[in-house]
Each structure stands twice: as structure tokens, then as C-alpha cells.
Amino acid sequence: MVLDGKIYSLCGLYGYASRVYGVVYDPLHDTWQYADADLVSGWRGPAVIVDGDFYVLDQSSGTKLMMWDKQKREWVAVGRLSALLTRPPCRLAAIGKKIFIVGKGLCTVVVDIGQTGNNVEGVLVSSSIPGLDCQDEIISCTCVSI
């Protein structure tokens, strides 16, 4: 992810003692360092940046959209999404102020961040592609530019 002019990457060590950590590359100073542990602690899924804010889709217990609050240095819940609308594993793509959550079978939910504030209730823009009979899992979603 690119946030505040720096490149963030989530990394993991697996084996006997699994450990997830983040690193940050600062292109202005050509340096790498470990990312803030508080930020990494909630980065448990696909992520996107919308208007300079960092969003993560936490799929560890249901499907919950989380936002990193830079000022408070903590993760805040934007809202929980219905299991009837999202079919994990899901991936994210952002276009403008909208986050597209694409899950198994191309089940798609769009959340308009410009309308949410801190509450996703009632902000569902669209859901699914009618008549599509597909059970494939999504490997990746990326919006480079439009």
C-alpha cells in the first residue's frame, strides 16, 4: 500500500512460530524500517487506500471493514457486512471513494466511503452480478487507473 508517500508491505514468517510484521519503504530517503506494530496488528486481510485513509477487510470472524485512524493510532470499525452479501475469501479494489469488495463467485459489494462517515449502515451501493453461476475464488483485484 502507498500511504503518505511511503510504501507499506505486510510480511510473514511461517513455520513453528508464525509471525506477521510490516515494513515501510521511504523513497525520499531510500530506507526500509519496520512498520508501526499497532498498524500491523489490525492489517489482517486485503487493503486499499481511499482519500489517504487505509482500509482493511477483516475476514477473521465474519466480514468487517476497518479503517486505520492515524490520529488515534488505532483501527476503527467502519461496519460489519452481511455474510449473505460477501462470500469470502474477498479482495478489495478502490475507485474514487468507493470500495469494491469482490468475493467468491464474483459476489460484489460496493461501499461508498464518501457517504459512510464512521458507519457503513445503509451505504450499500450494489451487490452481486445477476445470473452469474461461478464458484471461482478471486486471486487479486487491482484498479490501476480509470
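Predicted model: local features only at pLDDT ≥ 70, side-chain atom pairs only at ≥ 80, totals over all residues.
1. **Salt-bridge count.** The model holds three salt bridges. Side chains of opposite charge can pair when their charged atoms come close. The pairs are taken in turn below.

2. **Lys70 and Asp4.** These two side chains form a salt bridge, with N to O at 3.2 Å. Lys70 sits in the loop between β7 (63–69) and β8 (74–81), and Asp4 in the loop between β1 (2–3) and β2 (6–13), so the contact ties together parts 66 residues apart in sequence. Asp4 is exposed, at 56% relative accessible area. Lys70 is partly exposed, at 31%.

3. **Asp36 and Arg73.** Here the side chains meet in a salt bridge with an N to O distance of 1.8 Å. Asp36 belongs to the loop between β4 (31–34) and α1 (37–41), while Arg73 belongs to the loop between β7 and β8, so this pair ties together parts 37 residues apart in sequence. Both ends are partly exposed: Asp36 has 27% relative accessibility, and Arg73 has 41%.

4. **Asp51 and Lys97.** The closest N and O atoms of this salt bridge are 3.3 Å apart. The pair links distant parts of the chain, 46 residues apart. Asp51 is in the loop between β5 (47–50) and β6 (53–58), and Lys97 is in the loop between β9 (91–95) and β10 (98–102). How accessible is Asp51, buried or exposed? Asp51 is exposed, with a relative accessible area of 57%. Lys97 counts as partly exposed, at 44%.

5. **The loop between β7 and β8.** Lys70 lies in it and pairs with Asp4. Arg73 lies in it as well and pairs with Asp36.

6. **Largest pocket: lining.** Strands β2 and β4 each supply at least two residues of the lining. By class, the lining has seven nonpolar residues, one polar residue and five charged residues.

7. **Where the two topics meet.**

Key: Residues numbered from 1 in each chain as written. Heavy atoms only, no water. Salt bridge = Lys/Arg side-chain N within 4 Å of Asp/Glu carboxyl O. Helix = DSSP H or I, 4+ residues; strand = E, 2+ residues; numbered from the N terminus. Buried < 20%, exposed > 50% of the residue type's maximum accessible area, 1.4 Å probe, protein only. Nonpolar A, V, L, I, M, F, W, Y, C, P; charged D, E, K, R; others polar.
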